[in-house]
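Hi,

Here is the structure I promised to pass on, with my notes below it. Have a look at it first, then read on.

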Amino acid sequence: MFVPIEPRPAPVPTKGPVVWLKKNLFSSPFNTVLTIVTGAVVAFSLYNLAWFVFFDASWGQVWANMKLFAVYRYPADLLWRPLAIAAGLMFLLGGMAGVGGRGSITANTFFALQGFVAVLSVVAVVFWPSVRFLWPMVLVAGYAGYLLGRSWPRLAKLLPWAWAVWFVLGIMLLSGVTPGSGLLRVVPSRDWGGFLLTLVLFTGIIPSFPLGVALALGRNSKLPAIKYFCIAFIEIVRGAPLIMWLFIASLLLPLLLNTDANSLPAILRAYVAITLFSAAYMAENVRGGLQAVPRGQSEAARALGLSAWQTTMLIVLPQALRAVIPAIVGQAIGLFKDTSLVFIVGLVDFFRAGDLVTVQPQSLLVTGGVKLEVYLFVAVIYFFFAYRMSVASRQLERQLGVGVR
């Protein structure tokens, strides 16, 4: 006689948003109450913030001072020069993204920056007449580079040379090459400022990287003169805050070079201080990576006939740098934000430009002032670039398998 089997219960789902919510937010009565209370507080805070941003805030002074935020006192008739540099940057970054393809680190970074440029283009068209057509041209240059990279992959071989040419021409174009008047006239560095100055100072992370690697290797050297010099430099620099080194660079650097203080631009002095300060911390990050590489790696390389220099450069150092990518990116993010300290030595960076906007007579006419609006704007810009560096770091870690055994 045929007897049907009782139907089994449906399988319990193990994936999906409902399962995730139940597991992480409503797994117990205490977690449920905590989730509800926290959600209510967050929702209330976001509601008040959104109401302020869209209804109560007075953003007129922010939009009216976009030039001050961007370039400070850089001549208005020469704004095409920094924007031409930005167009070259986006063109080359777009070329790298096109060669790398969608989903690559460069492509994700490129499209994020293109979104940022698109927002600035809209702001320029509406509120910034002097660059109304220049920012859209930067946007177009980025997409032109991307399409060129997609259609001509051999561009990858030319990109290193193109970046070098862009860097040299960018410095010349930003500074100017001819005295007097004209489209290529010299612009004193004291007129640089705003976000332009922040980016210029942030590039101090570039020379600080090889300096930090050299200091880390020197600290592990068996030659006493090199070893103790590197130890002394690292410990002395790391033993004082960046503010102190900015003051020392402003006062001591002209003395060490035996030159008049006015002959050294304040930007150069701050750049040297930031670079050396970053190099000391970079050295400790790299030294931690060197210690994380098993000794057997260098012993195996020496057994294969590699010299000490080849062992370090080809075997040990690549593994060490791979291990400390999170620390290096964390330092880069910290340095990007620490550039705001240069206002102490008289430079007007992005943060200081915002402070100047809050004390303008037009700003003081607004009821309650515009400090909250200005500092929200500044915070959003800092957050965008810091977050993009963090995202790129995580992508690079996944690509290189950092933390995976």
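Let me start with a question: in which helix do aspartate 355 and arginine 352 lie, and how many residues apart are they? Both belong to helix 17 (residues 350-358), where 3 residues, about one turn of the helix, separate them. Please keep in mind that this is a predicted model.

The side chains of aspartate 355 and arginine 352 form a salt bridge, with N and O 2.7 Å apart. Both ends are partly exposed: aspartate 355 has a relative accessible area of 23%, and arginine 352 has 27%.

That pair belongs to a total of 6 salt bridges in the structure. Another one joins the side chains of arginine 219 and glutamate 284, at 2.9 Å from N to O. Here the partners come from distant parts of the chain, since arginine 219 sits in helix 10 and glutamate 284 in helix 13, 65 residues apart. Arginine 219 counts as buried because its relative accessibility is 14%, and glutamate 284 is buried as well, at 16%.

Glutamate 284 also makes a salt bridge with arginine 287, and again the closest N and O atoms are 2.9 Å apart. These two are 3 residues apart in helix 13, so about one helical turn separates them. Put together, Arg219, Glu235, Glu284 and Arg287 are linked in a network of salt bridges.

Next, helix 11, which covers residues 224-238. Its 15 residues reach 21 Å from the first C-alpha to the last, close to the 21 Å expected at 1.5 Å a residue. Cys230, Ile234 and Val237 are buried in this helix. Seen down the axis, the buried residues of helix 11 fall within an arc of 80°, so they line one face of the helix. They pack against helix 10 (205-219), helix 12 (242-256) and helix 13 (266-292). On the other side of helix 11, Pro224, Ala225, Tyr228 and Ile236 are exposed.

Finally, the domains. The chain is divided into domain 1 (75-186) and domain 2 (189-405), whose centres, taken over C-alpha atoms, are 24 Å apart. In the interface, 10 residues of domain 1 are in contact with 11 residues of domain 2. About 920 Å² is buried between the two domains, 75% of it on carbon and sulfur atoms. On the domain 1 side, Ile105, Phe116 and Leu174 lose the most area to domain 2, together 55% of what that side buries. As for salt bridges across this interface, the rule finds 0.

Happy to talk any of this through.

Best wishes

Note on methods
Residues are numbered from 1 along each chain as its sequence is written. This is a predicted model: local features need pLDDT of at least 70, side-chain atom pairs count only at pLDDT 80 or more; totals for chains, interfaces and linings use all residues. Side-chain values use heavy atoms; hydrogens and water are left out. Helices (H or I, at least four residues) and strands (E, at least two) are DSSP runs, numbered from the N terminus. The expected span of a helix is 1.5 Å times one less than its number of residues. Buried means under 20% relative accessible area, exposed over 50%, partly exposed in between (1.4 Å probe, protein chains only). The arc is that of the directions from the helix axis to the C-beta atoms. Contact means heavy atoms within 4.5 Å. Domain bounds come from an automatic or database domain assignment. Buried area is the accessible area (1.4 Å probe) that two parts lose on being put together, summed over both. A salt bridge is a side-chain nitrogen of Lys or Arg within 4 Å of a carboxyl oxygen of Asp or Glu.
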